[in-house]
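Welcome! Please take a moment to look over the sequence and the 3D view, and then we can walk through a few places together.

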Amino acid sequence: DDDDDDDDDDDGDVAQVWDNGRSSMGMNLVWELAVEDEFSAVPEYLIEDEFKAYDDKGRDTTKAFQQQFEQLDLASEAMEDIASDDLSKLASTHESFEDFMARHGWNPKTHLDKAVRWYDEECSGFAPLGVVHEMYHLIMKDTFGDNEVYSNDQHPRGYARLLDTMVKETFPRGDPRVHFKTHVKEVSYDHPDQPNAVTVKTRDGRRFLANKVISTIPIGALQKSHQALFVPPLPENRRRLLELNTGMIQLTKLFIQFPTVWWDDDVTAWTYSAPPFYLWRNFNSRRMIEGSHVLMTLLTGEESYKFEAMTDEQAQQEIIDFLRQRHPDLHIPEPSAFIMTRHGKKDTRYGAFSYFNDNWDTNDEYLHRQALHDREGTSRVYFAGEGFCYIGDGHTQGALYSGLQAAMEVLDDLALSVYPDSVRKLKHVCMTQHPPEPSEKPAGLIAQNLRNESALPC
């Protein structure tokens, strides 16, 4: 683990604010933990009841925005209709999300169009997503619920308190078995001098010996370091899949606090038809953190990299200049605080979260997360994390469910399957296909019927 509670700059995420709530299929375990902890959160629909759109001059263009949003909705409905009729047909469509939407009437060209897309997608913005990635998210909404919530919890640990709750009975805070600030440089899983074991070497010269290892290294870091990390190297088909069919969405969240509220505080979210800060959220809203005087905006792609290369002072000034250009008649004071995420610069991440591009096929699922084997055919290195949960990538519940899946695979391989049936039912929730038996080829999509409750959490 390369993170430490005492170093805010190395937190897994700064100001994590999203989660999916209860669905008709069952309970999202992350949301269940939030309810158990009395975690404070607000349903998304309540904080989007007052929205406005502005042009590059700060003039109200909400009506034009709504008209364009309706066009985007129609194209999105076309994708959902195809998914409902024949999910496998949509999954086999090797084209980008942008190309698919363009064929169905949505082809963003103006800055107003881009603002509409930002408002709709928020996190993924204009990442090069494949249609299959969007298909996974349709399944995710059906599985975990479409009712997103925003955290307004003011616990000192923030969203991380849910992580504390997850592991309170197995790895309580301060447990000496957890090694922080320990950067792994090599994972050797088939060394002739160390048979039947995995040796993990760290930058500071330590060695850890294990029967099996679960890797939760993010996709971006794996893409950059897999050649030096794994001994022997990844099999060629795994390498191609990792390097060519997946990627990391580069997303930067920027929070800026003012001594006074200079904006329309009744508006909970707004857009500008002007780059690079298209979407804004009012965290001072009475439904969020009233009295905080905080606004949030987002960046992705090249703009994200550009700003992450700046100092905080430079990025803050860019935001202030942008806002003052939009509202020359308003007095916008100097900020009192500023913070931004820098996922793209961290060598443990190289991005915010994973995505699947238009090269991806649902038949790749099993291969992508298949354990690495030694020469005897014994599974040694397993994979988990949000980038290995196809219907939960980019989400905490995706990381949690994939971790449960990997843990159950380890227990099964060790003949220690002592977990209850209620947990066993979660084993394949991350996948749209059941993994094959050794003599079988990958099965067909279990998500053909999105109401197949046996494949969903309960």
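## Around R161

Leaving aside its neighbours within four places in sequence, which residues is R161 in contact with? They are D37, E38, F39, D153 and H155, where contact means heavy atoms within 4.5 Å. The R161 side chain also reaches the backbone oxygen of D37, at 2.7 Å.

R161 is found in helix 8 (residues 160-166); helices are DSSP runs of H or I with at least four residues, strands are runs of E with at least two, and both are numbered from the N terminus. R161 is buried, with a relative accessible area of 14%. Buried means under 20%, exposed over 50%, and partly exposed in between, using a 1.4 Å probe and protein chains only.

## How to read the model

This is a predicted model, in which local features need pLDDT of at least 70 and side-chain atom pairs count only at pLDDT 80 or more, while totals for chains, interfaces and linings use all residues. Residues are numbered from 1 along each chain as its sequence is written, and side-chain values use heavy atoms, leaving out hydrogens and water.

## Around E318

E318 lies in helix 12 (residues 312-326) and is partly exposed, at 37% relative accessible area. Beyond its neighbours within four places in sequence, E318 is in contact with F277, F307 and M310.

Terms used:
Polar contact = N/O pair within 3.5 Å; in protein donor to acceptor, adjacent residues only side chain to side chain.
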